Amino acid sequence: MTAFQIILMGLLIICAVSVSFSKNLLNSILIYMSFSLVMSMLWICLESPDLAITEAAVGAGITSVLFFVTLKKIHAIDASEPEKEEEKENE
Amino acid sequence: MSRKKTAEEYQKTFAFRFFRWLSGEKDPYIGKVEMQPQKEYQPDQEAALRHEKEHDAIMDKVYDTEHNKWLYRFHRLYQATSILFCLFLIALLLVTISYLPPNGTVTRPVNNEVAERYIEKGLEETGAVNIVAGMILDYRAFDTLGESHVLFVATITVLILLRLNKTEKDEAEVSDRRFEPKNDAILQLVATFLVPVIIIFGIYIILNGHLGPGGGFSGGAVIGAGLVLYLNAFGFKKTERFFTEKTYKWVCFFSLSFYCLAKSYSFYTGANKLHSVIPKGTPGAILSSGLILPLNIAVGLVVACTIYAFYAMFRKGGF
């Protein structure tokens, strides 16, 4: 395992933890997108380019777009502060 | 040597227009981008309060643990059981993992004859240079057929959940577009250049599935992403010229049934030890590896259409 792979693994763990600890849902999706991109780089390091292409297209592209649309539909995307969002969630 | 220009001449130059735009005197997009005035999102305070009160009343009645001793005991038991169950599950998984053969031994499942056969005889038997494509579309094509059907069933389920009738659909489209510009010039220009490239790249991935990395699923996902970008830039009117519910229906029907029939034929000939008429071709050529190329195309079509359909249904509940 090279140093590059270890760095990628560390990024993967950081991304995975920060997705669940992020207060803003929009940020969570963006971090999740970067998780998929890091994962696709790791797939290339592990010599499986097939999976890398699929991960980049589906994980980083389609899934996040669907998440964005869903958040927009439920009025969760807003540039307001996290406190206001909590109020909205309670309603 | 610089030559001084007259004021009239200077006003025609690019530099003049650029600096005017930079200082904010003129916005070239005003009047060209269709935009609705943005309103701040105003939550309905009264309804929210009423809803909260109702919710609290229901909760008080259902979880009245002070007067209901049995419910109280049940809650305690429930918490204790859930913790115990989690611990049990963790222990079970750890014990199971400890029974796995250690890394590097001869008895590992990695070293059995199946993988060996795929690697040694894969090129000869399937004709595909890319062993992964040979595996998923020849040795294990039945699994891939199941995956395509799972996608199709998922679309139908989403259609059942999110479908709207005609008037509701129009309303949904209007409310969907409320906070964003309709003809965004920047997005349209970017999409004009990017969408053809993305779609051609997706077609390349599908057609080269048996020669290099890629295949039907990933190529279809790339094409679907391109279509979603096109839809975002130009709106539903433009995409409806070539993609409607009918197109989706027929493309999916023909792809899935072609996949079924083609694979049934090869299963039939394989099981009865008959000679298959499908030529394998020379490995490495674009028209080679028997059925893998047409199957890749079928899977790619289903995946691209499904992704576009998902997006369209999330946006406005229909195509």
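A residue counts as buried if 20 or more other C-beta atoms lie within 10 Å of its own, as exposed if 12 or fewer do, and as partly exposed in between, with C-beta atoms placed from the backbone. The legends below describe a predicted model, in which local features need pLDDT of at least 70 and side-chain atom pairs count only at pLDDT 80 or more, while totals for chains, interfaces and linings use all residues. Residues are numbered from 1 along each chain as its sequence is written, and chains are lettered from A and ligands numbered from 1 in the order in which they are written.

**View 1. Met9(A) in its helix.** Here we look at Met9(A), found in helix H1 (residues 3–21) of chain A; helices are DSSP runs of H or I with at least four residues, numbered from the N terminus. Met9(A) has 14 other C-beta atoms within 10 Å, so it is partly exposed. Its C-alpha atom is separated by 8.3 Å from that of Val38(A), 29 residues apart along the chain.

**View 2. Chain B against chain A.** Across this interface, 21 residues of chain B are in contact with 16 residues of chain A (contact: C-beta atoms, placed from the backbone, within 7 Å). On the side of chain B that touches chain A, helix H3 (45–62), H10 and helix H12 (292–316) of chain B each supply at least two residues. H10(B) gives the largest share, seven residues. By type, the residues of this side of chain B divide into 15 nonpolar, five polar and one charged (Ala, Val, Leu, Ile, Met, Phe, Trp, Tyr, Cys and Pro are nonpolar, Asp, Glu, Lys and Arg charged, and the others, Gly among them, polar).

Technical notes. Two residues are in contact if their C-beta atoms, placed from the backbone, lie within 7 Å.
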